[in-house]
Amino acid sequence: MGSIQRNQTSSGSEGGDPNTMIDERKRKRMLSNRESARRSRMRKQKQLEDLADEISTLNSANRKIVETIKVKEEACLENEAANRILRAQTMELTERLRFLSSILEIAEEVSGLSVEIPEIPDPLLKPWQIPHPIHAVDTFLH
């Protein structure tokens, strides 16, 4: 009788064979494992797709940044060329102004008239500043 009680206790209320119960539990566990593995594969596939999308987005953003850098570099080179031209023009105009100032000094010495001659600063010392106000240049020209 002891073995009958164990069979009933181990098989629960179904009253079936213990081997059948083990096989049923094993089958359920295998199904559960398969479903878990399927969900895991789906999660990994989704992560892979998300990463591929992110790579595409980042590559696109990178291309835009590289293009922007190229445009800025070209603009910088153009500005540097324009600055070189402006510096050369500034030097040329400064030399002309010095020449005109020397003519005014000679005219002042010869005529005895007092002519106000402003100091001509070196444009290379402070290239960001205009050497003379515009009206001072206009005075010499008129």
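Is E35 buried, partly exposed or exposed? At 31% relative accessibility, E35 counts as partly exposed, because that class runs between buried, under 20% relative accessible area, and exposed, over 50%, with a 1.4 Å probe and protein chains only.

Hello everyone, and thanks for coming. What you see is a predicted model, where local features need pLDDT of at least 70 and side-chain atom pairs count only at pLDDT 80 or more, while totals for chains, interfaces and linings use all residues. Residues are numbered from 1 along each chain as its sequence is written, and side-chain values use heavy atoms, with hydrogens and water left out.

Let's start with the overall picture. The protein has 3 helices and 0 strands, and along the sequence they follow the pattern α-α-α. Helices here are DSSP runs of H or I with at least four residues, strands are runs of E with at least two, and the numbering goes from the N terminus. Of the 142 residues, 6% count as buried. The protein exposes about 12500 Å², and carbon and sulfur atoms supply 57% of that area. Those areas come from the Shrake-Rupley method with a 1.4 Å probe, and for residues only the protein chains shown count as cover. As for contacts, meaning heavy atoms within 4.5 Å, residues 24 or more positions apart account for 36% of those with a separation of 6 or more.

Now for the salt bridges. How many does the structure hold? There are 6, where a salt bridge is a side-chain nitrogen of Lys or Arg within 4 Å of a carboxyl oxygen of Asp or Glu.

Back to E35, then. Its partner is R39, with the closest N and O atoms 3.8 Å apart. E35 and R39 are 4 residues apart in helix α2, so about one helical turn separates them. R39 is partly exposed, at 41% relative accessibility.

Further along, R98 pairs with E95, and their closest N and O atoms are 3.0 Å apart. R98 and E95 both belong to helix α2, 3 residues apart, or about one turn of the helix. R98 is partly exposed, with a relative accessible area of 31%, and E95 is partly exposed too, at 44%. Returning to our opening residue, salt bridges that share partners join E35, R38 and R39 into one network.

One more pair: E92 bridges to R96, with 3.0 Å between the closest N and O atoms. Both sit in helix α2, 4 residues apart, about one turn of the helix. E92 is partly exposed at 44% relative accessibility, and R96 is partly exposed at 49%.

Let's finish with the surface patches. A patch is made of residues with over 30% relative accessible area and no salt bridge; like charges are joined within 9 Å, and nonpolar side chains (Val, Leu, Ile, Met, Phe, Trp, Tyr) within 5 Å.

Which residues gather in the patch of negative charge? They are E67, E73, E74 and E78. Lys and Arg count as positive, Asp and Glu as negative, and His and the chain ends are not counted; a charge is placed at NZ of Lys, CZ of Arg, CG of Asp or CD of Glu. E67 lies in helix α2, which covers residues 18-111, and is partly exposed at 44% relative accessibility.

There is also a nonpolar patch on the surface, formed by F99, L100 and I103, with about 280 Å² of accessible area together. I103 is found in helix α2 and is partly exposed, with a relative accessible area of 39%.
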